[in-house]
Amino acid sequence: MGRSRGGLSTKIHLLADEQGLPVDFDVTAGQANDCTQAIPLLGERTTGHVLADKGYDSDAIVEHVAAMGAVVVTRPNATGRCSANTTKTFTNREIASNAAVAGVFAIG
């Protein structure tokens, strides 16, 4: 989540419930690709939807989510379109839920 002295950084990968409450997390080196952590964090859980940033819509993740009985919901890109892997885009309710998750990292 940003640079530290010496150019090293870390990322926090967070899995949250529909209310934005943390369920599980992992910490990786800052240069690690975000999508490498999605499947391990999702594990064998079940749900109806998985809300994720557009970086998490790889074939492997979408297939894993489908095996969970769920669909991937991502933000559209700058052109207003989603990638070919994405099942659907955020609704207003889902945007609010995503904002709640982002609020976990808010620093006052």
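Start with accessibility: buried means under 20% relative accessible area, exposed means over 50%, and partly exposed lies in between, with a 1.4 Å probe and protein chains only. This is a predicted model, where local features need pLDDT of at least 70 and side-chain atom pairs count only at pLDDT 80 or more, while totals for chains, interfaces and linings use all residues. Residues are numbered from 1 along each chain as its sequence is written, and side-chain values use heavy atoms, with hydrogens and water left out.

Salt bridges next. I count one when a side-chain nitrogen of Lys or Arg is within 4 Å of a carboxyl oxygen of Asp or Glu. Helices (H or I, at least four residues) and strands (E, at least two) are DSSP runs, numbered from the N terminus.

How many salt bridges does a search of the whole structure find? There are 2. One pairs Lys 11 with Asp 34, with 3.0 Å between the closest N and O atoms. Lys 11 sits in strand 1 (residues 10-16) and Asp 34 in the loop between strand 2 (22-29) and helix 1 (38-42), so this pair ties together parts that are 23 residues apart in sequence. Lys 11 is partly exposed at 22% relative accessible area, and Asp 34 is partly exposed at 28%.

The side chains of Asp 24 and Arg 45 also form a salt bridge, at 3.9 Å from N to O. This pair links distant parts of the chain, with Asp 24 in strand 2 and Arg 45 in the loop between helix 1 and strand 3 (49-52), 21 residues apart. Asp 24 is partly exposed at 30%, and Arg 45 is partly exposed at 33%.

Now Thr 28, which is in strand 2. Is Thr 28 buried or exposed? Its relative accessibility is 12%, so Thr 28 counts as buried. Its side chain makes a polar contact of 2.7 Å with that of His 13. A polar contact here is a pair of N or O atoms within 3.5 Å; within protein, one must be able to donate a hydrogen and the other to accept it, and residues adjacent in sequence count only if both atoms are side-chain atoms. Taking contact as heavy atoms within 4.5 Å, and leaving aside neighbours within four places in sequence, Thr 28 is in contact with residues including Lys 11 and Gln 37.

Last, the core. A nonpolar core is a set of buried Ala, Val, Leu, Ile, Met, Phe, Trp, Tyr and Cys residues joined through side-chain atoms within 4.5 Å. The largest one has 13 residues, and those with the most contacts inside it include Leu 42, Val 50 and Met 68. Helix 1, strand 3 and helix 2 (59-67) are the elements that give two or more residues to this core.
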